[in-house]
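Visitor: I'd like a close look at one part of this model, please. Could you walk me through it side chain by side chain?

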Amino acid sequence: MKQSLNGIWRLYGADDKLKYDLKAKVPGSLHYTLMKYGLMKDPYYRENEYKATDISRGDCVYERRFPLTEEMLSAETLLLKFHGIDTIADIFLNGELLSRAENMHREYVFDITGKANETDNLLEVKIYSPIKYIEEKNAETPLWGVASTMAGYPHIRKAHYMFGWDWGPKLPDMGIWRDVELIAVNGGLIDGVYVRQDHSKVSEGTVGLDIDITAGYTSDRELEAEVKITAPDGSAVTEKAVIDGRRTSVHIDISDPKLWYPRGYGEQPLYKLSVTLLDGENTADKYECEIGLRTVTVSTAPDEYGEEFAFVVNGLKIFAMGANYIPENQIIPKCSPSKTERLLKQCCLANFNMIRVWGGGYYPDDSFYSACDRMGLLVWQDFMFACSVYKADRDFCENVMNEVADNVKCIRNHPSLALWCGNNEIESMWQYWGIDADPKYKSDYLRLFEALIPKVLRHYDPVTYYHPSSPSSGGSFDESSAENRGDSHYWDVWHGLKPFTDYYKYNFRFCSEYGFESLPSIKTIRTFAEEDDLNLCSPVMEAHQKCEAGTEKIMYYLAQMSRYPYDFKGLIYATQMVQSDAVRLNAEHMRRHRGRSMGCLYWQVNDSNPVISWSSIDCYHRWKALHYRARHFFAPVLISADCENLDEINLYVSSERQQAFEGKIHWCSRKNTGEIICEGSEDITISPLSAEMFVTLTPENTKVTKDMRSTSYIEFSLSENGSIISENTCLYVQPKAFRFADPALSYDVEDAGKRFKITINAKAFAKGVCLDLTEGDCLFSDNWFDMHSGSVTVYASKANLPEKITAKKFKENLSIVSYYEALHLSGKE
């Protein structure tokens, strides 16, 4: 039996730093509560962050009184469970210190049998300043951390991003951030359930399941575990076993198994698992979850290029496509399962099949993984360590062991879980960054990530593949950024100021990070900036650019590709155009080398605040150009052009289909007016799960000579049964050097039921046609596309629009521009 202690608590300041005494919601946080009462200004607005940071220099106390029911009082054992405390806190019950919490990422359970009263109990949680804590610890033992953060953060097991990152503000919040509950134990409690799968007889129509059950707080009486598996069709199998000591295992064979696959490769059928702990005829405890029948691992088999790094699901090697996921808000109570579900659905709309949970945040709620299970998104799961030096003394290691155990037990049965990763970039940091850190801590790295965490995993989840770091070639500081094995983070484009063509020099086995910055929507910028702030180098815009020299890098790359944006909206357009091209080029390059390369995860899909960043969706779920383009370059069947040699442009088809694909390639060279110079087509067949080059375009067959390159371009497409399924454009010169003709864009809008039909007309070539609403937001069926004169039809969803909006009103609110209007004419009278 459980009794929730969520709800309204008293929250007050424990020192003179900030005086407040408020009613606060739990789960919740200090910052969230202070903002609700107007005692803390929106930290995302203008430069408010700088004033908000120091709020966390003060201690605070959460307090709640509660009675006990008769059932709670009469329980054999009474437990108090905190699912999450942020972070350093002392917990008191009726004036007695129960214990200290020292890890945001852990659960804390206290036995309070005989310590609670029937009518009135006082529960107090005193939370100490995380800023003062890390300052004091770092004064004693300096630990290296990334430059954009508050010094000393590696000393505390708290989400690192709260102390600042190169896309996030310094807002180290405090609070009781997850559920609090009382648990009455009679007979025993289910402490863990682990499902092991045997697929050796799947070809014979059977999958074997071994369900390992661990019980805690058990009585002397004999207990039984009843396990029930309910198939997607509603049929069920039930087995029982006696608890021997604290453990038992139940075997169940699943007939006619429905296998779970990542999206794009099959369906996602889920089986319901129910484990009931029986004390005679009474139910002592119950555990429920959904599982998928699948095998998943990473193949690192040697091949002609080195060692592959390929995710293998049910024996099928998949090409991983997706992005890195960071926390969705700096202030966690502003997050919700519904917002997460919406974000993950938007990932699916862009043809993702994988999400990497980055190691500088926190372990997401169970609802995150359940959504990934349903949607078929594989999860690359980092443990919460990133870009830092840690002192792995005895206390720290014990803290980490408990953290890893708690989170592995929560996540391990989700079919979406594909990989555990020890950390983000720490192995490569020690090897290549030249950090100013005491080298003795290098051995602590090995202790944590190549001994301690693997040991915990061998106990709690020996099946899921473990990767010691990202990037890594397998660990032990053995060429952690090698190109021919392991995974890679490639940042020479952007941080290294290398040209986009640098991507073509490498054939990474798996690229788990690379990216490029852009500005978010003007609507997002206006949530934190005033009209006078709309200049890239204004103090407010610089406050929302957390990357060191980020503004300079944006302008450096724009100068190579785009005409100068004389107005702020033109700047936004230009940065998003360049970002989408940067990420697209590497994604297409890797897909053209399927087999050698087996995964592409760009940095990053989402934001935690309104900021200039690498995201493809901003913090208000507004799509940038990149997310619309990802929909195309992650398409199951893709046509792409290798344009490195303009005298030999090669057209490739990459297919993730499990059957041979038959289609037609069509290409044409065009003038800037859209007029066709020359064209051709070819019927093609491509093998399953492969990539192949089919057409080479030369000056001879395109009739485009060198002196025509500033006024001519190549259009190419791939069709199936007469319908185009993939298409793109190749310019011979950078957009800034292309002589665009006026496309004279016009458009009309019709009501089409649950969406609006938008017909766009162009009289010449229009590059990067961008649709947006002046007010409000919607998703378009396509956006940021090229037109070659003629008309294009696009649909706009009404899902987020006012209920009674008319086609006329929608058209008045709609803006459509291409590169010509946004930048080619920019600065002209």
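Visitor: In which strand is the place of Asp786?

Guide: Happy to take you there, with the reminder that this is a predicted model. Asp786 sits in strand S42, which covers residues 785-797. This residue is buried and yet has no salt bridge. The nearest side chain of opposite charge belongs to Lys767, at 4.4 Å; that is not a salt bridge because the cut-off is within 4 Å.

One partner is the side chain of Thr729, with a polar contact of 2.9 Å. Another is the backbone nitrogen of Gly768, which the Asp786 side chain reaches at 2.8 Å. Setting aside residues up to four places away in sequence, Asp786 touches Thr729, Phe765, Ala766, Lys767 and Gly768. So the list of touching residues includes Lys767 too, since contact here means heavy atoms within 4.5 Å.

Glu656 counts as buried because its relative accessibility is 4%. Its side chain has a polar contact of 2.5 Å with the side chain of Tyr265, and a polar contact of 2.5 Å also joins the side chains of Glu656 and Arg594. Neighbours within four places in sequence aside, the residues in contact with Glu656 include Gly264, Ile318, Phe319, Met321, Arg591, Pro636 and Leu689.

Technical notes
Residues are numbered from 1 along each chain as its sequence is written. This is a predicted model: local features need pLDDT of at least 70, side-chain atom pairs count only at pLDDT 80 or more; totals for chains, interfaces and linings use all residues. Side-chain values use heavy atoms; hydrogens and water are left out. Helices (H or I, at least four residues) and strands (E, at least two) are DSSP runs, numbered from the N terminus. Buried means under 20% relative accessible area, exposed over 50%, partly exposed in between (1.4 Å probe, protein chains only). Lys and Arg count as positive and Asp and Glu as negative; His and the chain ends are not counted. A polar contact is a pair of N or O atoms within 3.5 Å; within protein, one must be able to donate a hydrogen and the other to accept it, and residues adjacent in sequence count only if both atoms are side-chain atoms.
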